[in-house]
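Open the structure in your viewer and keep the selection tool ready. The stops below follow one another.

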Amino acid sequence: MIRSVKQSIASVVSAVFLSTAVHAADNISIPEMGTAGVRGMTVQAERLYGEYFMRKARGAGAISYDPVMTEFINSVGQKLILSANNVYFPFEFFLSADPTLNASAFLGGKVQVNAGLFHYTDNEDEFASVLAHEISHITQRHIARFIEEQSDRGAISIASIIGSIAIALINPTVGAAAFSTTAGIMSQSGINFTRDNEYEADRIGIYVLEKAGYNPMAMSSLFKKLFSMQGNINSAYALLIDHPLSEIRVAEAYNRAKNMPQRKNSNDPNFMLAKARVDVRYMNLKLNDFKERLLKAEKVNHYYKNYALALIYYGEKNYSKAIDYLEKLSSLSSNDFIVDLYTDIDIERGKYDSAISRLRTIYAKKPFDSAIAVNLANAYLKAKQGKQAQAVLEKFLQKYPNDSFANEMLTESFLLQKNKCQALITHAQTLALKADYNKAFNSLNDAMHTCKGSYSQIARAKFAKISDQKDFDEKLEKRR
């Protein structure tokens, strides 16, 4: 199951990421804007700014909803987080459909992973080394310090910097103009910021990488490959623009890894499955040519080749052939990637009971796995079993309340049950997660006229909470 939205953030903000779940308090206020970083931007302020960015990102369609990829990215990211120090936020990792080689970090534990990062890395350890580097930028509060420095040097307010980026998210054309002063100053010293902090992110990142059980040499091997591309005008290598390399950085990464316990690269098949999924669905390849190359290839990873071919045949609606290639991966029968595609095939064929039966067995063991929970809920919805879908989604949303797609599906489950009251309340929540406040309030107004008893009070309470969230956003934007 996949829902992708084209990246709509202008290149002017390509190095900045936004995201996190919204855990707004009933009464939230704008943090002090005078100073930032270690002097003034508190951990709570960073988190609130991240929540604000996430709302704008969702509203702009800047995040690709692919629960299988998201689950894998977060599994790697959380493994690294457990080995990091100074973790003040619940980190969130999100997929962007951008096919360029890059990953970006922002305030409050928000890390964007471009789809292209899978295409250009050779193994999970190299992929993890990039995440470890970005995590270290956040744990060392490099971004907060950077924003503070820009404010100090250019007499620009923190809100102005953050607000200008937000405009670029909402409307890239307007955003590019808004950046003519604010971001112009930022970009002028942004390279200096990168040079001042990259070494520290490398040093701490490689420690996190090794402590998490990955091969520390992976960072060095990736650096060597990237360094050979340095100066390449191919825009696919965006990472080299945002994270310029030098011979010293490459050598230091090697020397640090050389003195650490040596390990082989991970052989977990999930990375190769993720890489195949990206190549088929995100890299804009000519799939007929790609398919022919795969069919002729002899020295291609077994998991990569068969899953990629299964995905291609599924896209061609040749479901029997897709299953033939999935059966070559029978040892991974409970794997998220494999189960996801089997589910898609069953749904396309109208075999809802088959999909539900397969998923329920796995769901019993991992109910909070987004790929499994969302696929099961979707299968229930396709089978017109709204109550069963509701049960799965409500449990999932207890842990991940800001999953906008799960909220959308929950709305659909209520509609199937002709429960207009709860459908309106849940729909308002989905809209608020995208900062679409006018529509959210309209939905809640309808709910207050439709709902009875305690649900009417719930709608009123939700209205008040979303009003506080809207006030926060507006106050931040007015300070630009």
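Two strands are called paired when DSSP finds at least two bridges between them. Helices (H or I, at least four residues) and strands (E, at least two) are DSSP runs, numbered from the N terminus. The model is predicted: local features need pLDDT of at least 70, side-chain atom pairs count only at pLDDT 80 or more, and totals for chains, interfaces and linings use all residues. Residues are numbered from 1 along each chain as its sequence is written, and side-chain values use heavy atoms, with hydrogens and water left out.

Phe93 has Val111 of β3 as its bridge partner. For Phe94, the bridge partner in β3 is Gln112.

Which way do the residues of β1 point? Glu92, Phe94 and Ser96 point one way, and Phe93 and Leu95 the other. Five of the five residues of β1 are buried. Buried means under 20% relative accessible area, exposed over 50%, and partly exposed in between (1.4 Å probe, protein chains only).

**Stop two: the helix across the sheet**

Axes here are lines fitted to C-alpha atoms, for helices over the stretch in contact; angles run from 0 to 180 degrees between N-to-C directions.

Pick Asn74 in α3. Is Asn74 buried or exposed? Asn74 has a relative accessible area of 16%, so it counts as buried. Beyond its neighbours within four places in sequence, Asn74 is in contact (heavy atoms within 4.5 Å) with Glu92 and Phe93.

**Stop three: a perpendicular pair**

Select α5 (residues 124–139) and α10 (residues 217–229). Their axes come within 8 Å and cross at roughly 90 degrees. The two helices are therefore roughly perpendicular. Angles under 35 degrees count as roughly parallel, over 145 as roughly antiparallel, 65 to 115 as roughly perpendicular, and the rest as oblique.

Show the side chains. Asp125, Glu126, Ser129 and Val130 of α5 meet Ala218, Met219, Ser221, Leu222 and Lys225 of α10. This contact has four nonpolar, two polar and three charged residues. Ala, Val, Leu, Ile, Met, Phe, Trp, Tyr, Cys and Pro count as nonpolar, Asp, Glu, Lys and Arg as charged, and the others, Gly among them, as polar.

**Stop four: a buried aspartate**

Go to Asp279 in helix α13, residues 269–281. Asp279 is buried, at 3% relative accessibility. Leaving aside neighbours within four places in sequence, Asp279 touches His119, Leu285, Phe290 and Tyr304. Phe290 is 11 residues from Asp279 in sequence and 9.3 Å away in space, C-alpha to C-alpha.

**Last stop: α18 and α19**

Select residues 352–363 (α18) and 370–382 (α19). The axes come within 9 Å and cross at roughly 150 degrees. That makes α18 roughly antiparallel to α19. Among the residues in contact are Tyr352 and Leu359 of α18, and Leu376 and Tyr380 of α19. The contact divides into 11 nonpolar, one polar and two charged residues.
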